[in-house]
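Open the model in your viewer and keep the sequence panel beside it. The tour goes from one selection to the next and says what is there.

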Amino acid sequence: MKSSVIIFPGSNCDRDMDVALKKFGFKNTMVWHNDQSIPKSDLIVLPGGFSYGDYLRCGSIASKSKIIHSVIDFANSGGLVLGICNGFQILTETGLLPGILQQNKYLNFICKNVFVKVKDKNNKYFKNIKKEILELHIAHNEGNFFCTEKELKNLEDNNQIAVTYCNSNGLEDDKSNPNGATKNIAGIFNKNKNILGMMPHPERMIDKYLSGEDGSLFFENLLGNL
Amino acid sequence: MTIQVTETVAIEHGLNKDEFSKICELLKRIPNITELAIFSAMWNEHCSYKSSRKHLKKLHTKGKQVIQGPGENAGIVDIGDDDAIVFKIESHNHPSFIEPYQGAATGVGGIMRDVFTMGARPIANLNSIHFGSPQNKKTKNLLRGVVKGIGGYGNCIGVPTIAGQTSFDESYNGNILVNAMTLGLVNKNKIFYSKATGLNKPVIYVGSKTGRDGIHGASMASATFDDKIEEKKPTVQVGDPFTEKLLLEACLELMADNSIIAIQDMGAAGLTSSSVEMASKGNLGIELNLNKVPCREEKMSPYEIMLSESQERMLIILENGKEDHAKKIFDKWNLDFSVIGKTTSSKKIELIFNNTKVTEIPINLLAENAPVYDRKWKKTKLPQKLKFNKDNFKYLNISDCLKKILSNPNISEKKWIWDQYDHTVMGDTIQKPGGDAGVVRVHGTKKAIAASVDSSASYCSSHPLTGGKQIVCESWRNLISVGAKPIAITNCLNFGNPEKEKNMGEFVECVEGIAEASKYLDFPVVSGNVSFYNETKDKGIKPTPTIGGVGLIQNYINMTTMEFKNIGNIVYVIGKTEGHLDQSIFAKDILNEKKGPPPSVNLFNEKNIGETILKLIENKLVVSSHDVSLGGILTAVSKMCIKGNKGIKIHDLKGLTNKYEYFFGEDQARYIVEIPKENIKKVNEILNKNLIHFDDLGIIQEKNVSFNGDINLPIEELSDVHKYWLKGYMDN
């Protein structure tokens with residue numbers, strides 16, 4: 001399976017994502033933001049970081065970059081697009097996913113392990129994952145998902161909520177919501193579920209010496225479903 | 001600018017009368033204002049090390065693994081297989097007090113540039129930050145600003161912040177300390193230095209544009225503070241981590257081939273010190289056309305251009321004919337690139353502005369001829385050991401003492417801080433903040449690097465010589481505790497006013513202590529920085545040398561952590577406990593007694609015990625380890641319990657004369673280890689063979705810390721007091 005990771009100036013999880021994808025068997029290519037096109041891929045990843053410094057709204061400049069048209073075309077034709085952290089912010093800025101990511105409720109950057117509940121398995125990203133609750137890692141300042149009530153209703157009605165913050169028992173309460181996200185939302189799909197944006201970083205949880213191994217489950221499973 | 005240079009103007013630039021006459025004498029004329037600015041930038045304490053140089057020579061700087069010692073942008077050590085670690089610690093104290101966010105942020109940016117200037121990709125950041133008393137009304141905002149600044153910069157670049165140290169003491173009320181350390185990984189055959197070689201080589205300016213920020217930054221950092229501190233805000237630089245990230249990637253891309261002859265970042269004293277240092281090291285001259293310098297603001301004068309400390313800039317001396325190739329790379333990363341001059345044979349710095357020569361100074365006058373002072377200093381006598389009236393201990397409750405100590409601002413958990421630092425980016429952090437040392441893997445290998453920052457201002461203030469030795473030992477122990485073989489250190493020497501004999505004495509004796517310990521332990525100093533004049537309105541800080549230690553784990557699966565692992569395992573205290581309470585947290589916090597000497601340091605024991613612990617870890621005989629430091633045995637054990645969510649049943653200790661001395665004494669050269677029962681025999685054999693004293697402290701149990709009916713505390717209770725203080729303080 002072939003994947004492409006887009007590098008924007010200021011991306012800083014591009015290498016980590018490359019390492020993770022290759023570890024689980026993807027043939028990955030790195031694609032520069034100023035390139036016109038993306039090589040033939042089964043998966044495109046928008047990695048975490050601070051694209052263009054994020055000095056405007058996070059992800060907004062990246063959503064106007066040269067390469068983004070190819071990403072949008074690929075997504076609209078049904079291709080799998082995964083946006084992690086800053087990648088999720090970029091996806092909402094392009095309009096491929098609804099809502100926005102505001103500054104964290106307590107106004108601080110947060111770097112820690114969190115638990116998320118898998119809300120939908122009828123998609124290529126989570127189908128066949130045995131666990132209901134995954135331990136992943138977050139590192140962000142703007143991860144507080146917000147959308148209009150209408151958008152939320154659509155997300156709920158179409159099972160577009162991918163993962164939500166919860167405690168180790170799966171309880172989705174305020175205490176387990178690290179950033180104030182609406183309905184504890186940590187990640188969402190588009191309607192066709194080929195696009196996934198999420199704040200947690202599965203690429204940081206890919207061996208037992210790191211923060212945990214649930215990221216491995218995510219990648220193994222994704223590869224298996226392609 | 002046509003300001004007439006007089007003695008008064010020179011004094012306004014931080015030079016003294018004698019220094020000004022020396023300049024006129026050396027030049028055989030009165031300098032113009034730009035030249036005066038260049039002298040003031042090069043001759044201030046921050047850049048010239050004029051008060052410290054004589055004593056820094058005493059440091060032990062050589063060793064088998066040392067590739068580069070002090071004198072370059074950073075130190076370098078060999079870790080085998082062509083891999084080398086580049087590292088350094090640096091202070092950003094003065095600017096951080098004036099403007100905590102930008103001061104701290106640019107401190108992180110500056111130290112990272114020092115590391116990637118040498119061709120290394122930064123792989124870890126650490127910091128040591130010190131604030132005034134929690135009751136001081138400035139403390140909370142300074143802490144919040146500094147933590148946000150450090151996070152804001154490091155998180156954006158994408159380098160994990162893996163460990164740190166935070167302390168509170170009223171001596172920092174008027175001068176906080178922000179020391180930032182960076183480690184980078186480089187191929188030892190592809191290291192870049194700042195020494196210029198060759199004539200007529202193009203001098204290239206890359207990175208951000210030059211603005212009017214940070215002018216006089218280095219002079220500001222070479223003076224004490226008074227009431228007019230707000231006026232100094234414009235001397236603080238403003239950081240742009242995004243540009244630094246681009247600069248990092250662009251420099252590493254250009255470094256992949258052989259285009260660069262020499263490279264130096266523009267740090268303190270900006271373009272002045274970078275150009276002078278490169279020429280000086282290469283024994284060459286340098287000619288710059290200041291009209292070619294990319295400027296952010298209009299009508300900047302030569303004076304402003306040469307003194308600006310705008311961040312994220314580099315000076316490169318390139319091979320002839322490589323300009324186009326280099327420019328292509330910097331264009332790709334959208335960074336300014338300008339050929340601003342060339343190397344010459346004149347051995348002078350010559351500056352051209354609007355076709356006129358505005359500066360002509362022989363380089364040696366700025367570098368080698370800079371003043372060196374042999375300042376007067378006073379020895380600190382070892383204070384008399386206190387005789388505690390142990391009858392008073394009867395009124396204490398040991399459980400309450402423990403809880404008070406665990407919640408002490410200097411002991412309590414600092415999660416509120418490190419949660420704000422990205423400590424997992426780059427995917428190789430295998431020990432996060434909160435342990436004895438942070439550990440990152442050397443990407444794609446079995447090796448891992450451990451790093452720790454330490455300082456003990458109380459010990460150093462009580463007896464600088466002992467304090468200097470003690471911190472080196474503490475750094476050594478922290479690395480050993482995670483299973484790393486200590487390799488080398490970097491030091492950040494934070495002191496008061498060197499013109500005062502007492503402060504100068506503290507500096508001299510701390511340096512002597514550091515030198516003695518690092519030599520004995522073969523733990524050389526490879527880089528560092530000195531920060532004097534940490535003084536406000538005549539009140540200086542406690543002497544605070546900070547040691548950044550670096551160690552190597554050959555196979556990262558052998559790394560140890562401090563949390564207790566399994567119920568039923570045996571816990572040993574390794575090393576002898578005499579019960580030294582003077583200068584301990586117990587003495588200060590519980591007995592309100594601040595006098596007395598620090599615990600003595602026995603270097604033979606440190607080395608012998610440290611090496612033995614490492615052997616136990618490498619042979620997989622112990623499953624957790626932790627050094628005993630502030631707060632003594634009971635504090636150390638409680639932290640291991642809290643982190644592992646396990647309890648311990650402490651035995652009724654034979655021959656125990658005083659439980660407070662035993663449990664809270666801060667004797668050195670001690671570790672606590674957890675040993676599975678089946679390994680006890682082997683552990684005893686090794687310890688006995690090396691003539692090392694140990695106490696069988698107890699056995700790991702499920703829930704409580706218990707001792708002889710005196711203590712029976714559930715872990716949750718200890719955990720709550722230990723974890724609550726900082727968050728509670730910041731939220732209120």
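Two residues are taken to be in contact if their C-beta atoms, placed from the backbone, lie within 7 Å. Helices (H or I, at least four residues) and strands (E, at least two) are DSSP runs numbered from the N terminus. This is a predicted model, in which local features need pLDDT of at least 70 and side-chain atom pairs count only at pLDDT 80 or more, while totals for chains, interfaces and linings use all residues. Residues are numbered from 1 along each chain as its sequence is written, and chains are lettered from A and ligands numbered from 1 in the order in which they are written.

**Stop 1: two helices of chain B**

Select residues 33–43 and 270–282 of chain B, which are helices α3 and α11. B:I38, B:A41 and B:M42 in α3(B) meet B:T272, B:S273 and B:V276 in α11(B). By class, this contact has 4 nonpolar, 2 polar and no charged residues. Here Ala, Val, Leu, Ile, Met, Phe, Trp, Tyr, Cys and Pro count as nonpolar, Asp, Glu, Lys and Arg as charged, and the others, Gly among them, as polar. The helices pack at an angle of about 75 degrees, with their axes 10 Å apart. Axes are lines fitted to C-alpha atoms, for helices over the stretch in contact, and angles run from 0 to 180 degrees between N-to-C directions. α3(B) and α11(B) are therefore roughly perpendicular, the term for angles of 65 to 115 degrees.

**Stop 2: a sheet in chain B**

Next, show the open sheet of 6 strands in chain B, whose order is β1-β2-β3-β6-β4-β5 with mixed pairing. Strands pair if DSSP finds at least two bridges between them. From one strand to the next the twist averages 20 degrees. Now pick β4 (residues 121–131) of chain B, which pairs with β5(B) in the parallel sense over 7 bridges. B:N127 has B:G164 in β5(B) as its bridge partner.

**Stop 3: strand β26 of chain B**

Move to residues 694–701 of chain B, strand β26, which pairs with β22 (residues 570–574) in the antiparallel sense over 5 bridges. B:I570 has B:I699 in β26(B) as its bridge partner. Strand β24 (residues 647–650) of chain B also runs antiparallel to β26(B), joined by 4 bridges. B:I648 stands opposite B:I700 in β26(B).

**Stop 4: chain A**

Chain A has 5 helices and 11 strands, and its C-alpha trace spans about 45 × 35 × 35 Å along its principal axes. Select A:F189, in strand β10 (residues 185–189) of chain A. A:F189 counts as buried because it has 24 C-beta neighbours inside 10 Å, the cut-off being 20 or more other C-beta atoms within 10 Å. Neighbours within four places in sequence aside, A:F189 is in contact with A:N123, A:Q160, A:A162, A:I195 and A:L196.

**Stop 5: where the chains meet**

Bring chain B back. The contact takes 21 residues from chain A and 21 residues from chain B. On the chain A side, α1 (14–23), β6 (110–118) and β7 (133–140) give two or more residues, and β6(A) gives the most, with 3 residues.

Note on methods: Angles under 35 degrees count as roughly parallel, over 145 as roughly antiparallel, 65 to 115 as roughly perpendicular and the rest as oblique. A residue is buried if 20 or more other C-beta atoms lie within 10 Å of its own, exposed if 12 or fewer, and partly exposed in between; C-beta atoms are placed from the backbone.
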